[in-house]
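Dear colleague,

Please find below the structure that I am handing over to you. I would be grateful if you could look through it before reading my notes.

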Amino acid sequence: MRILILFLLVTSVCFAQKNTYRISFENAEHHEANIKISFPDLEQDSLTVQMSRTSPGRYALHEFAKNVYEVKATNSKGEQLEILRPDPYSWIVTGHDGLVNLEYILFGNRADGTYTQIDQTHAHLNIPATFMYSESLKQRPVEVIFDTQQFPDWKIATQLKQIDGNTYYAPDLYYFMDSPTEISNFDSREFEIDGQVVRFTLHHPGTSQEFDEYWEKTKEIVRQQKAIFGELPEFDFKKYTFLACYMPQVSGDGMEHRNSTVLTSTSSLAEGGMDGNIGTVAHEFFHAWNVERIRPESLEPFDFTEANMSGLLWFAEGFTSYYTGLTLTRAGIITPEAYAKGLNGTFNYVWNSPARAYFNPVEMSYQAPFVDAAASIDPVNRENTFISYYSYGSMLGLALDLQLRQKGQNLDAFMQLVWEKYGEPEIPYELEDLQDVLAAYAGSDFAEDYFGKYIYKSEMPNYEQLLTEVGLLLKRDSKNAFFGASVQKDDEGFYINSNPKKNAPAYKAGLDIGDRILSVNGTTPKADSSWEDEFGQYKPGDQLKLEIERFGKKMHKTVTLEADPGFEISIDKNASSKAVKARKAWLSGK
């Protein structure tokens, strides 16, 4: 994404050829929007329009054309024009007289960072999922009119520039496509920081008092993340907007954009959202630096017609994930004890995964088109072949931060250098560029060691030693037994509901996903018990003689349990004064 020349805004609106969009919601109860687009001053004989196949911030395909129907086109005289379909995503309009007026109906009933939802409470619009566009006219300004006559109490929240009333503006197609919009009777708060406005709009069923409390947490997140980089990004139009929708009919998500972010959750602030949703706020706002402006070369320019692949998501998404929990701790939203405890799930997921034998963090990032909300119906072996680049990168960020702190340096300063060299001037970076910045900051030997072991390979840093230096404990409890596959219960009893982890006891015993467990050591599991109840009585080294059913046939398998490989991270109450001081320097607010 490039810096916008915004001082030409007024003249662009008044004089430039522009495409005009209008959306209205007469049939919102049935999740339909009516959309009209005017493409004037056309020089080509035919006009090709299309729906995007993906969306900024996503890496997989989502095929938005599937929700478009009743497409019609007319010329300046209102005469019907012929429409051809060259592929599933495009429409070719022929025989126009220099003007094409296009209209269609859009169905939308999923509110998150990717899709669009229209109902009687709101119009939650992700622009690529909503509006057709013409690639040949991508440099034109866009004017969009949000017609809310059916719902006079609805207001409009977006990063688009307001021109007048319900009319908004984007300087080009890309900015338009990157500008999600929430239209509802939302609440809002805003504050000024360094001459810019940070605004939070919230569509929710809660109270003003709840929102006030949540807003105070958000403001501290903004301040703490600004302290990491030393400054806020220069937001277009001097404004950044959180577009939050915490309603029962939405789907939980967060999605970053250049000057805004979408936040959706089914949890209201009164029902767990006060603490449960705030992590997404921290994660997405950090993206205003890391991803939106510190941007991988592999994502430039964003391709709306194909899956976008990058080998740098371990840094773009993963380091952002590392700073999510760290920001909440520095902001005083969670305690250091809670932060340490919160590391455990991610730490064990990453470092006990068999997938490290197959792919390094760069290669894990390449998997994004298959896992980033991508849809497929055939079974996959992700339990053994994939580690989320969010999680993998967050643990690598933790390791790098603690390694630098041993040298009297820190990850904040490194991120600030990356910002100054690539983010602030908006120069896309490549993998080698990150290593070069680290070498300039911490030394070439240090950078070569870190990238050589943990980025180009999949080695595990010495976390026990690193955590000890900041007053944390890393230990294993070898008394607990390990089975190595997830077991779920339904009306018929227990069954294995995941691929057993490679070389785990269940894997070695030949168990497989879908196997139904009929008996354990000759005893049928109790109908009112859980698998934890059944399994908790056993220790490492014990054998489980299982009778299972597979493909309608009964068979026997013997599982020899092993010690649980899981780690536990916690605050070391006996840490040295030096380690306690280092921990405070790491986790305290700036």
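This is a predicted model: local features need pLDDT of at least 70, side-chain atom pairs count only at pLDDT 80 or more; totals for chains, interfaces and linings use all residues.

Residues are numbered from 1 along each chain as its sequence is written, and side-chain values use heavy atoms, with hydrogens and water left out.

Overall form

The protein chain contains 19 helices and 28 strands; these are DSSP runs, numbered from the N terminus, with helices being H or I of at least four residues and strands E of at least two. The radius of gyration is 27 Å, close to the 25 Å that the globule rule gives for 590 residues, so the chain is as compact as a globular protein of that length. Here the radius is taken over C-alpha atoms, and the rule is 2.2 Å times the number of residues to the power 0.38. Along its principal axes the C-alpha trace spans about 85 × 60 × 45 Å. Of the 590 residues, 56% are buried (buried is under 20% relative accessible area, exposed over 50%, partly exposed in between, with a 1.4 Å probe and protein chains only).

An open sheet of 7 strands runs in the order 4-7-2-1-10-13-12 with mixed pairing, where two strands pair if DSSP finds at least two bridges between them. Its edges are strand 4 (68–74) and strand 12 (161–164), each of which pairs on one side only. Neighbouring strands in this sheet are turned by 20° against each other on average, direction ignored; the axes are lines fitted to C-alpha atoms, for helices over the stretch in contact, and angles run from 0 to 180 degrees between N-to-C directions. Strand 4 and strand 7 (residues 100–107) run antiparallel and are joined by 5 bridges, with Lys-72 opposite Glu-103 in strand 7.

Another open sheet has 5 strands in the order 22-23-24-25-26, with antiparallel pairing. Strand 22 (487–490) and strand 26 (553–560) are the edge strands, each pairing on one side only. The twist from one strand to the next averages 40°. Strand 22 pairs with strand 23 (residues 493–496) in the antiparallel sense over 4 bridges, and Val-487 has Ile-496 in strand 23 as its bridge partner.

Covered elements

Strand 17 (residues 239–246) has 7 of its 8 residues buried, so it is largely enclosed by the rest of the structure. It pairs with strand 16 (residues 196–203) in the parallel sense over 7 bridges, and Val-198 stands opposite Tyr-240 in strand 17. Helix 5 is also mostly covered, with 8 of its 9 residues buried; among them are Ile-278, Val-281, His-283 and Phe-286.

Backbone sites

Most residues other than glycine have a negative phi, and most peptide bonds are trans. Glu-300 and Pro-301, however, are joined by a cis peptide bond with omega about -15°. Pro-301 lies in the loop between helix 5 (278–286) and helix 6 (313–316).

His-31 has a positive phi near 65°. This residue sits in the loop between strand 1 (19–24) and strand 2 (32–39), and His-31 counts as buried at 19% relative accessibility. Ala-373 also has a positive phi, near 60°, and is found in the loop between helix 10 (368–371) and helix 11 (382–385). Ala-373 is partly exposed, with a relative accessible area of 46%.

On a 1 Å grid over the protein atoms alone, a cavity is a set of points where a 1.4 Å probe fits but cannot get out, and a pocket is an open set with protein on both sides within 12 Å along at least five of seven lines; lining residues have an atom within 4 Å of a point. Grid points are joined across faces, edges and corners, and a volume is the space filled by probe spheres set on the points.

By this rule there are 4 cavities of 30 Å³ or more. The largest cavity holds about 70 Å³ of space, and of its 11 lining residues the closest to its centre are Pro-56, Gly-57, Glu-256, Arg-295 and Leu-299.

The second largest pocket holds about 400 Å³. It is lined by 20 residues, of which Ala-481, Phe-482, Asp-564, Pro-565 and Gly-566 are the closest to its centre.

With kind regards
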